[in-house]
Amino acid sequence: MVNNRLQYAKGSPAAAAWGILRDLKVQDFPIDPRQIATKLGIVIWERELPDTCDGCLMRVENAWGILINTRIRSESRRNFTIAHEIGHYMLERDTVDSCSMDERLNFMIAEQGEDTEQEKSNKQAYLQSEQRANQFAAELLMPTPIFSADSSSHSQVGLPAISELASQYGTSLTSTGIHYTRLSKFVCAIVFSEEGVIRYFAYSDGFRENKDCYLVSGQPLHSKALASKFTNGASVGELTGEVPLNYWCKPKESDRNGNKSERVNYKIFEHSRRIPHTKQVITFLHLLC
C-alpha cells in the first residue's frame, strides 16, 4: 500500500495524479482506477443513489470508501467517477470530517438549492472542489504528457481522433473530448447540446483568445447549425460541414475599451454526432482561418 500521508495536496490536481501514477509505477493503458483505489486502501462498493449523484467519497473513523451509483451503465463513466473520488481523497482527505453516507448525500443535495450568502459561499467552495477532482481524474486516466503526444500523432483533427483516444484510454467520449480540446493547438471548441440547447463546452487557448469566438451556455442552437438537425429528427448518426461562425458564436458587444468590435465573417468546420444512449449531441468546432 502507498503511504497515505504523502502530501500530494500541496501541488496541483495534475501533479497529484502524476505522483500517484509514478509511485504506483502505473504504465499500462487504459488505467484501472479500481486497482489504484485498492492500493491506496480505499474500499469500493455500490448502491443505488439519486440520479444526480454518480458517487461519493466516504470516511468512517479511519476507514475510507468510494460509493458508486449502480445506475451508471457506462464502464468509462464508472472509471471516471472512481478517479474523481480518488481525487477528493488525495486533495482533501485532511479536511474531510468523518460522516455517514446520508450526511454526505444530504450535504450535496442541500448545496443545489439554497440562496443565502453562507450557502452561496458553500456552494462555490463545493463547485471548486468538484472542478479540482475532475482535473485530477482527467490527469489520472489521461496524463497530459502522454495524452498530448498521442493526440499530436493523429493525422485527423476532432471527433475521429477523440474517438480513437477514448478507446485507447478507456475513457468516455465526453471526458476525452474535453481533455483533447483544452490541450489542442488549434482554434477549436467542443460543445455538448441537449434538446436544442447548449449545455456546456470546452475550448482551446486559441479559441478563447479569439475575440470572435464566444460561446454561451444555455443558448438555443441556431436553426441552421448541423447539430440542430438531430433535435429536428435527423436519423443519421453524424453530420459534417462548413457553417458561418455566427451559427455558433455570439459577437462580443465591445472590446475592453468599450469600442464595438467589427465582426469577421469566418467559416467554422462543424462535426456533430449523436452520443449513443443519451439525448446529447457532441459537436467539434474548428475555426477555418
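Student: Is Tyr169 buried or exposed?
Tutor: In this predicted model, local features need pLDDT of at least 70 and side-chain atom pairs count only at pLDDT 80 or more, while totals for chains, interfaces and linings use all residues. Residues are numbered from 1 along each chain as its sequence is written, and side-chain values use heavy atoms, with hydrogens and water left out. Buried means under 20% relative accessible area, exposed over 50%, and partly exposed in between (1.4 Å probe, protein chains only). Tyr169 has a relative accessible area of 1%, so the residue is buried.

Student: Are the rings of Phe29 and Tyr169 stacked or edge-to-face?
Tutor: Rings of Phe, Tyr and Trp (its six-membered ring) pair if their centres lie within 6.5 Å; planes under 30 degrees apart count as stacked, over 60 as edge-to-face and the rest as tilted. The rule gives seven aromatic pairs. For Phe29 and Tyr169 the centres are 5.1 Å apart and the planes stand at 65°, so the pair is edge-to-face.

Student: How many residues apart are Phe29 and Tyr169?
Tutor: Helices (H or I, at least four residues) and strands (E, at least two) are DSSP runs, numbered from the N terminus. Phe29 lies in the loop between α1 (13-23) and α2 (33-39), and Tyr169 in helix α7 (residues 159-169); the pair thus links distant parts of the chain, 140 residues apart.

Student: How many residues apart in sequence are Glu46 and Arg34?
Tutor: A salt bridge is a side-chain nitrogen of Lys or Arg within 4 Å of a carboxyl oxygen of Asp or Glu. Glu46 and Arg34 form one, with their closest N and O atoms 3.5 Å apart. Since Glu46 lies in strand β1 (residues 42-47) and Arg34 in helix α2, the pair ties together parts whose separation is 12 residues.
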